[in-house]
Amino acid sequence: MYKGRKIIALVPACNEEAKIGRVVERTPCDIVDTLLVIDDGSTDATAQVARDRGAEVLTLPQVSGVGAALRAGLDHARSGGFDIAVILAGNNKDNPDEIPRLLDPICADESDFVMGSRYLDGGAHPAGVSVQDPTAERTGDDAEHERQR
């Protein structure tokens, strides 16, 4: 419960077993009532690692994409009576310590929707990576394909 609101953190993840545990560990349980990892058809141990660290896990039967994973998570949040859903990346790129910055305007009835950014002032994106660089978060074949375009 945060400022009288029931909070769920939704974490869509696909094949993030190496990073999902850290996401779960870093999410503040004094603010977030439930952390739900939506396992988007992973073929690795993403779901088990998340469960072992204390998250609830909703497993999709096949890879459906982040949009479908988020819809499933939001449906779960609505049916569970949560007031606010916070979305975190399953690859540990978001800073869960900043969740109150997202929640405060909603809890104060100043906003219905708040979106954070790692790229704007106050965000946590490492120095030297430009927003305009489409390959900044891609690796391997995806990055090479993007460079060849």
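Predicted model: local features only at pLDDT ≥ 70, side-chain atom pairs only at ≥ 80, totals over all residues.
We've got one protein chain with five helices and four strands. Starting from the N terminus, the order goes β-α-β-α-β-α-β-α-α. If you look at contacts between residues at least 6 apart in sequence, 63% of them link residues at least 24 apart.

The chain has 149 residues, and 37% of them count as buried. Its accessible surface is about 8,900 Å², with 47% of that belonging to carbon and sulfur atoms.

On to the cores. Which residues touch the most other members of the largest nonpolar core? Those are Ile20, Val37 and Leu103, in a core of 24 residues. Several elements each put in at least two residues of this core: β1 (7-13), α1 (20-26), β2 (34-40), α2 (46-52), β4 (84-87) and α4 (99-107). There's also a second, separate core of nine residues, with Leu10, Ile38, Leu60 and Ala69 among them.

Let's stay on Ile20 for a moment. Leaving out residues up to four places away in sequence, Ile20 touches Val11, Ala13, Val37, Thr46, Val49, Ala50 and Gly90.

Last thing, cysteines. A disulfide is a covalent bond between the sulfur atoms of two cysteines.

Definitions and conventions:
Residues numbered from 1 in each chain as written. Heavy atoms only, no water. Buried < 20%, exposed > 50% of the residue type's maximum accessible area, 1.4 Å probe, protein only. Contact = heavy atoms within 4.5 Å. Areas by Shrake-Rupley, 256 points an atom, 1.4 Å probe, with all protein chains shown as cover. Core = buried A, V, L, I, M, F, W, Y, C linked by side-chain atoms within 4.5 Å.
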